[in-house]
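Let us take a friendly walk through a protein structure together. Have the sequence and the 3D view at hand as you read.

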Amino acid sequence: MDLTRRSLLFGAVAAPALWSSAATAQRDWSGANPVRYPDPDIVVLDQRFAKYRIGNTSIRRLYTGMLWAEGPAWSGAGRYLVWSDIPNNVQLRWLDEDGHVSVFRNPSGYSNGNTFDWEGRQISFEHGNRRVVRYEHTGKVTVLADRWQGKRLNAPNDGAVHTDGGVWFTDPGYGSLANYEGHKGELEIKEAVYRIDPKTSKMEKMTDEMFKPNGLCFSPDYRKVYIAETGATHYEQSPRNIMVYDVIDGSKLGKGREFASMKMGAGAGLADGIRADADGNIWAGAGWVGAGYDGVHVFAPNGDRIGQILLPEICSNVCFGGPRRNRLFMTASQSLYAVYVETQGAHVA
């Protein structure tokens with residue numbers, strides 16, 4: 001392979017000014033008219049992102065027809081992707097072997113986020129039942145958390161499992177604000193982030209300093225936790241950013257600081273679900289601005305925005321999956337998308 005072709009395939013040649021002008025919304029997402037390589041909607045903003053962009057692959061729409069899709073999680077043992085269609089109160093499953101999609105759980109407790117623990121058990125964060133549950137290998141449902149100091153949780157949203165087995169989750173309350181994504185009801189406690197101890201099952205509050213903590217993920221070494229702030233939906237004074245905290249002894253947090261602002265040019269949207277890759281970059285589902293912004297924003301470990309994956313819909317959540325964990329799955333409003341990237345997810349789900 002000559003140097004020119006090698007550079008094209010692995011993204012070393014960048015032309016962000018041209019790529020960023022792609023007409024994402026007018027693209028034929030059915031696959032009937034394939035996009036010309038390199039895919040113009042995989043945008044290199046900084047040369048640090050170029051090595052992650054594969055020149056001879058494209059963003060694909062795998063499925064559509066949901067009302068509001070969230071919470072993709074990859075089962076390595078089952079070789080399937082599970083995600084939530086919250087308003088329809090179901091979880092869906094995409095099979096790697098043939099792309100078949102079916103209803104996985106109905107009802108789902110209006111679940112939002114999903115992940116897997118180190119034993120391969122699915123953990124879901126339910127809006128409707130205001131709880132965190134684990135699906136055992138027997139099929140039994142174990143309630144991990146539903147109350148804090150005697151009061152109901154608001155509506156658990158997203159979470160991740162630490163290497164020590166602790167389950168961390170956010171509780172911003174969106175599923176209790178209306179009947180569309182759960183059951184309308186009063187928020188009884190301050191929006192916060194919690195940890196469930198793997199040995200004692202005791203729940204601890206990690207922080208309640210954020211307005212509405214949303215997406216959550218750990219750094220590759222689990223020494224940092226990143227949390228998306230979406231409080232601007234209901235609090236005018238809330239920042240639009242992603243926060244980062246040092247994780248101390250696996251169960252405590254240091255002082256939080258801004259990792260990245262979601263402001264880009266004249267627009268300022270929101271980050272929702274976030275995941276880290278093996279190099280420590282943070283991939284964030286983003287939206288609520290419009291074409292040229294909505295999709296996935298990729299941030300280097302120092303917080304610089306280095307790349308984008310533009311989608312014709314608001315992107316809620318992302319996860320890495322596939323047998324090599326090098327395929328980025330994206331739930332975006334009504335559809336499920338995927339694209340191969342030249343990196344791997346830092347964690348198993």
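The largest nonpolar core of this predicted model has 23 residues. A nonpolar core is a set of buried Ala, Val, Leu, Ile, Met, Phe, Trp, Tyr and Cys residues joined through side-chain atoms within 4.5 Å. Buried means under 20% relative accessible area, exposed means over 50%, and partly exposed lies in between, using a 1.4 Å probe and protein chains only. The residues with the most contacts inside this core are Ile59, Trp283, Val296, Ile309, Leu311, Leu328 and Met330. At least two core residues come from each of β1, α3 (47-50), β26 (295-299), β27 (305-310), β28 (317-321), β29 and β30. The biggest giver is β29, with 3 residues. Apart from this core lies another one, of 16 residues, and Tyr226, Ala271, Ala284 and Phe299 are among them. In soluble globular proteins, nonpolar side chains tend to be buried together.

A few words on how to read the names and values. Residues are numbered from 1 along each chain as its sequence is written, and side-chain values use heavy atoms, leaving out hydrogens and water. Since this is a predicted model, local features need pLDDT of at least 70 and side-chain atom pairs count only at pLDDT 80 or more, while totals for chains, interfaces and linings use all residues. Helices (H or I, at least four residues) and strands (E, at least two) are DSSP runs, numbered from the N terminus.

Now look at strand β18, which covers residues 224-229. Is it mostly covered or mostly open? Of its 6 residues, 5 are buried, which makes β18 mostly covered. Two strands pair if DSSP finds at least two bridges between them. On one side, β18 runs antiparallel to β17 (residues 213-218), and 4 bridges join them. These two strands form a hairpin with 5 residues between them, and Tyr222 in the turn has a positive phi of about 65 degrees. Strand β18 also pairs with β19 (residues 241-248), in the antiparallel sense, over 6 bridges. Here Lys224 has Asp246 in β19 as its bridge partner.

Which residue stands opposite Val225 in β18? That residue is Phe218, found in strand β17. Phe218 is buried, with a relative accessible area of 1%. Contact means heavy atoms within 4.5 Å, and, not counting residues up to four places away in sequence, Phe218 touches Ala160, Val161, His162, Trp168, Lys224, Val225, Tyr226, Val247, Ala276 and His347. Phe218 and Glu236 are 18 residues apart in sequence, and their C-alpha atoms are 28 Å apart in space.

Pro38 is found in the loop between α2 (16-19) and β1 (42-44). Pro107 has its place in the loop between β6 (101-105) and β7 (111-116).

Two further loop residues have a positive phi without being glycine. Asp249, with phi of about 55 degrees, sits in the loop between β19 and β20 (252-253). Ser333, with phi near 60 degrees, lies in the loop between β29 (327-332) and β30 (335-340). Which of these is buried and which is exposed? Asp249 is exposed, with a relative accessible area of 70%, whereas Ser333 is buried, with a relative accessible area of 9%.
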